[in-house]
Amino acid sequence: MSGRAQLALRRLAQVLPVLLLLLLTVFALRAILPGDPARSIAGPRATEAQVEEVRDRLGFDEPLPVAFASFLEDVTQGQLGVSNRTHQPVAELIVQRAPVTLSIAIGAVATTFLIGIPLGWYLALRRGRADADAASAVLIAVVNVPAFWLGLMLSILVGLRWGVLPVGGLEPGVTGWIRSMILPCLTVGLVAAPWVARSVATSIGGILASDFVTTARSLRFSGWSLFLHHLLRNALPPTVTLLALQAGSLLFGAVVVEQVFALPGLGSALLEAAASRDFAVVQGLTLVLGAAIILVNAAGDVAVAVLDPRTRWD
Amino acid sequence: MRLWPFGVVIISAAVAAALLAPWLAPYPPGEQNLTAINQAPSVEHWFGTDPLGRDVLSRMMYALRTDLALVVPAAGIPLLLGGLIGGAAAYVGGIFDTGVRWALDVFQGMPAYVLLVALVAVLGNGASSLLIAFTLMGWIVYARIARTEVRRVREDNYVLAAYLSGTPRMLVFFRHVIPNSRAQLMAYFVTDMGMALQIIAGLSFFGLGVSQETPELGAMIADARLYIQTNLWLGLFPGVALVLLGLSMASIGDAMRERRR
């Protein structure tokens with residue numbers, strides 16, 4: 001087996017204990033439910049028989065290891081319980097709502113790169129001049145703009161004042177879908193882009209000063225060929241790592257903007273369920289969103305190992 | 001560009017406004033004046049009024065009280081807990097340190113934001129649920145920093161000198177090791193307060209923070225949502241306050257981190 005494949009496998013093996021801890025945490029959530037957990041899960045309007053059914057199904061009368069084993073069995077079979085408000089199975093809800101979240105996540109990552117990478121180059125190439133200094137000061141400020149507030153302000157300015165784009169809900173059709181995604185993606189992208197820009201600027205700065213670039217220049221590499229072979233290849237890995245590490249907050253950003261723009265995604269489902277104490281939905285979504293973040297982080301590391309042969313993990 | 005002096009000014013002003021709100025606020029935070037609703041900024045109401053005719057500036061001063069009172073323990077309790085765990089692990093070493101290092105590696109992979117929402121959802125609204133959630137999710141970074149710093153300090157000559165002069169190990173830890181490994185922890189603490197502020201405001205915006213009646217910056221923005229089309233000021237002032245406070249804490253934290261390098 002090649003060294004890189006081995007590295008990738010080792011990184012994936014590191015994921016297992018984290019996933020197990022996530023399962024344990026999500027399982028343990030019910031232990032900290034105030035009052036009678038079975039009653040909370042069954043919902044406020046449940047009858048005594050329904051509460052009894054929940055207690056029996058989730059194994060509240062059984063010892064904890066047995067209950068955890070049956071929880072694991074349910075999860076591996078894709079059974080994540082039933083919403084106590086809509087009586088919809090949680091797995092079905094997730095399948096229904098995942099496309100919106102996926103679209104926002106992909107769109108947001110694309111926006112982040114499209115804004116962040118050129119900005120980072122600009123900062124690196126003009127380092128030390130007044131305009132680059134001013135730009136980095138603005139970037140630091142932008143990082144501290146809360147996504148929910150930015151989304152709200154964008155929806156007022158672009159959506160309501162100019163009336164160009166939808167500000168809430170999904171418009172029908174493919175064009176409508178894309179139009180509905182523009183403002184949410186822009187919101188997340190704007191908040192996340194400064195991180196990428198900073199990272200790109202730092203790595204480009206280091207690379208421009210390095211010996212191999214001087215050598216390449218002396219060998220008359222310039223323009224696109226210098227950019228592609230020497231600069232981009234070396235600047236990309238740290239940026240990918242950063243983006244993968246930011247996956248958590250990017251996803252949280254998606255959670256936030258879905259609710260601001262009233263889009264039916266996983267994040268708005270989580271927030272609605274949280275606000276209405278719909279425990280099974282909270283549990284199921286935490287598990288799925290959490291596992292997604294863990295896997296994206298690992299995938300980012302593996303991608304870096306493929307992009308950069310110097311990668312070592314200890 | 002050095003932003004931190006501005007940060008210090010802004011934070012001092014915010015702390016003063018929060019502490020002195022009962023004396024400085026021009027109106028009581030809940031006082032409704034239905035003859036003056038949804039007003040733009042004016043001489044009587046510097047930041048305008050909300051749909052119930054309440055003075056926005058006064059409400060923001062009380063909101064700062066709520067937010068700052070939450071943010072300090074939301075970062076401070078994880079600081080104490082994580083700092084102690086990480087610091088002790090590095091100081092004692094051996095199996096304990098190996099165990100803590102392994103736990104940190106696993107915990108660091110956990111999706112903190114999602115679990116934060118889930119914890120608050122399960123525990124219910126209110127300050128104590130927020131603090132429990134922040135403590136459970138927040139100690140990890142502090143423990144990691146403390147572990148690195150104590151490992152660095154523990155080999156220093158003055159620590160060795162303290163041992164050789166017969167000082168008990170516990171006393172060396174508290175008298176020499178902790179004071180000298182504190183700087184990076186404090187720098188992260190300031191940065192972390194800024195992040196906690198954003199998250200608390202975000203959770204409150206979605207109705208998951210403190211109770212609805214308490215004035216809070218995120219909740220004020222949420223309240224403004226329905227009226228923001230006619231009165232943009234309503235959402236503008238609390239939002240700008242959040243940006244300025246976050247920026248200030250981040251720049252002070254950055255400056256503290258770099259000073260020690």
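In the predicted model, B:E149 and B:R152 are joined through their side chains in a salt bridge with an N to O distance of 2.7 Å, a salt bridge being a side-chain nitrogen of Lys or Arg within 4 Å of a carboxyl oxygen of Asp or Glu. Both residues belong to helix α6 of chain B, where they are three residues apart, about one turn of the helix; helices are DSSP runs (H or I, at least four residues), numbered from the N terminus. B:E149 is buried at a relative accessible area of 12%, whereas B:R152, at 42%, is partly exposed (buried, under 20% relative accessible area; exposed, over 50%; partly exposed, in between; 1.4 Å probe, protein chains only).

A further salt bridge in chain B pairs B:D105 with B:R144, with 3.1 Å between the closest N and O atoms. This pair links distant parts of the chain, 39 residues apart, with B:D105 in helix α4 (residues 94–108) and B:R144 in helix α6 (residues 127–153). B:D105 is partly exposed at 45% relative accessibility, and B:R144 is likewise partly exposed, with a relative accessible area of 28%.

In chain A, the side chains of A:D131 and A:R126 form a salt bridge of 2.7 Å, N to O. A:D131 is partly exposed at 29% relative accessible area, as is A:R126 at 30%. Over all chains, the structure holds 10 salt bridges.

Residues are numbered from 1 along each chain as its sequence is written, and chains are lettered from A and ligands numbered from 1 in the order in which they are written. Because the model is predicted, local features need pLDDT of at least 70 and side-chain atom pairs count only at pLDDT 80 or more, while totals for chains, interfaces and linings use all residues, and side-chain values use heavy atoms, with hydrogens and water left out.

Technical notes:
Helices (H or I, at least four residues) and strands (E, at least two) are DSSP runs, numbered from the N terminus.
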